[in-house]
Amino acid sequence: RDSAGGEELLEAAPDAFDAFVAGILQAVNNGYDLGRIQLEQTVAGSDNTSSSISGVDSSIISEQQQQNRNNFEAAVLRQSTRIVYYTIQVASDTSDGSASS
């Protein structure tokens, strides 16, 4: 496959998860760890408040996420957050040249 064509496709097709990923990226760039991000999501999901991590875009806690969640939805959110968080960590390590081959 031509990777340039794939990049164009990704750029042309934003979806509902772009803000979620961007919010987690911003939180990581501001020094927040996975536990703190997940705690904020849990608090926001349990009480319908619009709290957010200070200095972090509220998109990691979208309006939809702020509604009460059932156990399955909470588990999917936690796992999705974990996947995005560790993907950011690996990409950062790789770009720093500290990943071993």
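1. Helices here are DSSP runs of H or I with at least four residues, numbered from the N terminus. On that basis the elements of this predicted model run α-α-α-α from the N terminus on. The protein holds four helices and zero strands.

2. As to overall burial and surface, buried residues account for 25% of the 101 residues in the protein. The accessible surface comes to about 7000 Å², and carbon and sulfur atoms contribute 52% of that area. Of the contacts between residues at least 6 apart in sequence, 54% join residues at least 24 apart.

3. The largest nonpolar core comprises eleven residues, namely F20, I24, A27, V28, Y32, L34, I37, L77, V84, Y85 and I88. At least two residues of this core come from each of α2 (18-29), α3 (34-47) and α4 (71-95). In soluble globular proteins, nonpolar side chains tend to be buried together.

4. After α2 comes G31, whose phi is positive, near 95°.

5. Which residues of α2 are buried? They are F20, G23, I24, A27 and V28. These residues cover an arc of only 135° around the axis, and therefore sit on the same side of α2. An α-helix has 3.6 residues a turn, so residues three or four places apart point the same way.

6. Is Q38 buried or exposed? Q38, placed in helix α3, has 6% relative accessibility and therefore counts as buried, the cut-off being under 20%. Leaving aside residues up to four places away in sequence, Q38 touches R78, T81 and R82.

7. The structure contains one aromatic pair. The ring centres of Y85 and Y86 are 5.3 Å apart and the ring planes stand at 80°, so the pair is edge-to-face; the angle required for that class is over 60 degrees.

8. The two partners of this pair may also be described by their accessibility. Y86, at 45% relative accessibility, counts as partly exposed.

Note on methods. Residues are numbered from 1 along each chain as its sequence is written. This is a predicted model: local features need pLDDT of at least 70, side-chain atom pairs count only at pLDDT 80 or more; totals for chains, interfaces and linings use all residues. Side-chain values use heavy atoms; hydrogens and water are left out. A nonpolar core is a set of buried Ala, Val, Leu, Ile, Met, Phe, Trp, Tyr and Cys residues joined through side-chain atoms within 4.5 Å. Buried means under 20% relative accessible area, exposed over 50%, partly exposed in between (1.4 Å probe, protein chains only). The arc is that of the directions from the helix axis to the C-beta atoms. Contact means heavy atoms within 4.5 Å. Rings of Phe, Tyr and Trp (its six-membered ring) pair if their centres lie within 6.5 Å; planes under 30 degrees apart count as stacked, over 60 as edge-to-face and the rest as tilted. Accessible areas come from the Shrake-Rupley method with a 1.4 Å probe; for residues, only the protein chains shown count as cover.
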